[in-house]
Amino acid sequence: MTSEKSLNTLGFRPDGLDMLVPGEVLRRRVIASGAWSLLLLPMSMAAYLFFLQVNLFDPFAWLTAWTSTLCSGCALFSLILLLISLLVVIAFDSRNYTVAPCLPNTRLAMLASIVQPYRFFHTLGHTLAGLLCGWAAAFLSGGRYKSLEVACCGHTSLSVGHGVQPGCLNELHLFIVLFGGFVGFTYSLLYFLKYMSYTAFPIIQLSKYLQFRAALPCIVKQSTKQAFVLLRWYCILYFFFGYIPRCWLLAGMHVDLDSTIPRLDSLIGLLNPGLLFQTWLAGTFILFTWYLAWALLRIHITEAYQFRVETSFVEDSEMCLPVVLASNPPPIVKFLALQDLAILARASPCRRRQVFILSQPGGRPHTWALLSSHCISLLSELTSKLSAHQDATTGDGRAATSSAHGSQHLPQPECLDMHTGLRNKIEGTGFQSSSVTSSPFSPGPLRTPTRTLSTTLSPLFSPRPLATLDTSIHALSSKMRDSQDLRSSLFGSPWHDKVDNSPIIQRRHSLWSFSCGAPMADNPNMGPSIASPMQRAQDVPQPDRGASKLCLVRAFLIKMPIVVYATQKIAESSSQALFADGQAHIWALEAVSHLVAASFTEDQYGVVQTNLSSILCAMVNLLEAIDKHFKLPQASNKPLRLTDSWPDASFKSLRFAVRSALRTALHRISNTFGHHLKAVDLSPEHLKRLQMFVDYKE
């Protein structure tokens with residue numbers, strides 16, 4: 001009998017699974033989707049020619065013209081050009097898919113994400129591919145749409161010396177070709193605006209054929225509708241700017257315009273039913289082939305892949321499910337592994353028993369430990385993100401409220417340079433008065449006149465010798481005069497008038513008969529002179545006029561409606577960004593809950609009991625964080641109604657799916673264990689919350 005080692009050398013596996021590196025599997029799937037797209041292209045072109053040669057009044061002539069065109073050499077040449085353009089589109093699509101979309105918070109950030117360098121090449125490639133497809137579609141149309149240069153109908157005489165009829169520019173052909181480029185440009189633009197790079201995994205696992213059959217009507221509907229909308233906008237643009245490419249070609253090709261055919265940048269030229277039908281059909285054909293390749297790529301990539309749970313071969317251990325999840329793989333590989341884990345836990349009892357076994361030698365549950373720890377880390381990571389967003393949102397709300405009340409009276413921080421300089425100058429003089437040393441723009445305790453007077457007059461009532469009373473009175477008078485003058489001239493105290501009219505201040509001339517300024521300097525017994533407030537203000541450097549103008553310009557721009565619209569946060573964008581990878585958390589919740597519920601009867605060694613408390617604690621903490629998140633004003637409690645199902649926009653409602661999956665997982669565990677959950681080592685708050693699930697009150 002051949003040993004397992006020799007079978008492994010020959011490339012066979014005992015269980016019949018084709019063990020490939022996940023990256024190699026993805027490459028094979030991309031190649032398979034591209035091959036199917038190229039194989040379906042001749043059928044799409046045949047359908048395009050069938051509708052192109054439509055003739056309801058003579059069906060036999062219709063079928064004859066369709067067959068002859070399909071078997072002609074121009075059809076083969078056009079097919080080669082279409083294959084090249086489709087390969088370019090497939091190459092760009094295969095490098096831009098993602099399982100977790102990047103959602104900008106503002107419209108300005110969305111615009112900045114579009115103009116990135118690598119997206120410029122994406123747009124350029126699709127525009128060139130659209131021009132190529134438009135030329136092939138016009139070439140297949142035949143007749144007056146076939147070539148860019150045609151014989152002029154208005155010239156009856158032959159050109160001198162050549163014996164040929166002069167050529168004219170065929171604007172009908174140019175119109176269809178430019179429409180192909182416009183379709184490619186808008187396709188690339190909408191590819192990022194509508195998040196077509198997002199790859200959504202199907203909720204119900206179906207075969208690839210059933211998924212393709214279900215997506216085909218949506219592709220046809222979306223292609224026809226979008227081609228009609230694009231044709232409308234293209235006619236408007238060509239009406240105003242169509243003369244630019246026409247004049248450029250007339251100068252480059254040295255041809256003229258046929259005077260017998262109306263120009264297409266006029267109403268008479270654009271109102272041509274035959275031209276509009278040919279152009280709309282060409283746009284529908286281009287969009288159909290591109291959307292078909294896009295859908296086939298998604299169908300192949302999201303196909304479930306079965307990983308090994310464990311293996312006896314050392315070289316295959318790195319491709320087992322627990323090791324792949326613990327090795328921080330690429331997002332698409334991580335999603336495929338979590339999808340397989342959820343399927344394993346839900347509908348594969350044979351593979352599920354491999355999770356609960358003990359490793360040999362050693363007798364430790366390595367498989368369960370790796371799988372459960374990864375799922376717990378996913379749930380804890382989402383909980384921490386929600387808690388951080390909760391704290392940031394609460395802080396921003398308080399800051400926004402305070403700034404809304406104070407922004408009408410307080411200048412910008414950059415405009416406070418003069419006040420800051422004066423404050424520092426005053427603090428350097430040694431004054432201790434709280435009304436002078438504190439900035440009126442900085443938060444602080446409320447200062448009342450009574451408190452300030454008591455602080456100022458405290459030297460009079462402090463126990464001091466009588467010899468120092470004159471010096472104290474002299475210093476006190478200087479402090480009171482300077483502090484009041486500075487407060488009134490620079491900062492404007494709201495209670496200055498009340499203090500100035502008080503009885504104590506009114507008696508200051510009877511108590512002290514000197515005044516600040518020069519007379520004080522003439523008297524040698526009055527102590528050192530103190531500079532007046534105006535003299536100190538002159539020493540402070542003046543603020544920069546350029547900075548002030550910049551501050552005013554910025555304040556003016558911020559209030560402009562278009563700037564407010566561009567910088568305003570998109571509704572629920574922050575909440576949607578938190579749950580952008582919510583599908584991974586849904587699979588983690590389903591896998592853990594099914595494994596825990598199955599362990600009640602299948603776990604012979606009790607390996608799940610080792611970290612059951614950690615699993616329940618992570619779930620309850622996540623439930624509390626989600627409940628708090630849904631109470632925020634930025635997060636809606638009702639899911640959005642997605643009227644347009646193409647492309648898939650299910651990421652906008654992933655937070656509701658995560659909440660439902662979490663509650664379902666807790667109900668599944670509580671229904672299985674019931675009152676045995678009281679024996680689990682949990683905090684009283686967590687046990688109380690779990691008891692609500694046991695009693696069906698949650």
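## A loop residue to start

N328 sits in the loop between helix 12 (321-326) and helix 13. Helices (H or I, at least four residues) and strands (E, at least two) are DSSP runs, numbered from the N terminus. N328 is exposed, with a relative accessible area of 69%. Buried means under 20% relative accessible area, exposed over 50%, and partly exposed in between (1.4 Å probe, protein chains only). The phi of N328 is near 55°, a positive value in a residue other than glycine. Most residues other than glycine have a negative phi.

Y195 is another loop residue, placed between helix 7 and helix 8 (208-241). Its phi is near 55°, again positive in a residue other than glycine. Is Y195 buried or exposed? At 15% relative accessibility, Y195 counts as buried.

## The model and the whole chain

This is a predicted model: local features need pLDDT of at least 70, side-chain atom pairs count only at pLDDT 80 or more, and totals for chains, interfaces and linings use all residues. Residues are numbered from 1 along each chain as its sequence is written, and side-chain values use heavy atoms, with hydrogens and water left out.

The protein has 32 helices and three strands. Of its 698 residues, 41% are buried. Contact means heavy atoms within 4.5 Å. Take the contacts between residues at least 6 apart in sequence: 79% of them join residues at least 24 apart.

The three strands form an open sheet with the order 1-2-3 and mixed pairing. Strand 1 (149-151) and strand 3 (256-257) are the edge strands, and each pairs on one side only. Two strands pair if DSSP finds at least two bridges between them. Strands of a sheet pair through backbone hydrogen bonds, either parallel or antiparallel.

How do strand 2 and strand 3 run? Strand 2 (residues 167-169) and strand 3 run parallel, joined by two bridges. L169 stands opposite L257 in strand 3. Helix 9 (residues 243-253) packs on the sheet and touches strand 1, strand 2 and strand 3. The direction of helix 9 makes about 155° with that of strand 2. Axes are lines fitted to C-alpha atoms, for helices over the stretch in contact, and angles run from 0 to 180 degrees between N-to-C directions.

## Two residues of helix 7

E171 belongs to helix 7 (residues 171-193). E171 is buried, with a relative accessible area of 8%. Leave aside its neighbours within four places in sequence, and E171 is in contact with Y238, R246, L257, R263, L264 and D265.

S188 also lies in helix 7. S188 counts as buried, at 0% relative accessibility. Which residues does S188 touch, leaving aside its neighbours within four places in sequence? They are H122, T123 and H126. S188 and G125 are 63 residues apart in sequence, and 8.9 Å apart in space, C-alpha to C-alpha.

## Helix 4 against helix 11

The axes of helix 4 (residues 73-94) and helix 11 (residues 273-301) come within 10 Å and cross at roughly 40°. These two helices are therefore oblique to each other. Angles under 35 degrees count as roughly parallel, over 145 as roughly antiparallel, 65 to 115 as roughly perpendicular and the rest as oblique. The crossing is right-handed. A crossing is left-handed if the near helix is turned anticlockwise from the far one by less than a right angle, and right-handed if clockwise.

L82, L86, V89, I90, D93 and S94 in helix 4 meet F285, T289, W290, A293, W294, L297 and R298 in helix 11. The residues of this contact divide into nine nonpolar, two polar and two charged. Ala, Val, Leu, Ile, Met, Phe, Trp, Tyr, Cys and Pro count as nonpolar, Asp, Glu, Lys and Arg as charged, and the others, Gly among them, as polar.

## Helix 13 against helix 29

Helix 13 (residues 331-347) and helix 29 (residues 582-602) pack at an angle of about 30°, with their axes 8 Å apart. They are therefore roughly parallel to each other. Their crossing is left-handed. On the helix 13 side, the contact residues include F335, L338 and L341; on the helix 29 side, they include W587, A591 and L595. Residues of this contact divide into 10 nonpolar, three polar and two charged.

A598 lies in helix 29. At 9% relative accessibility, A598 counts as buried. Leaving aside its neighbours within four places in sequence, A598 is in contact with R352 and D603.
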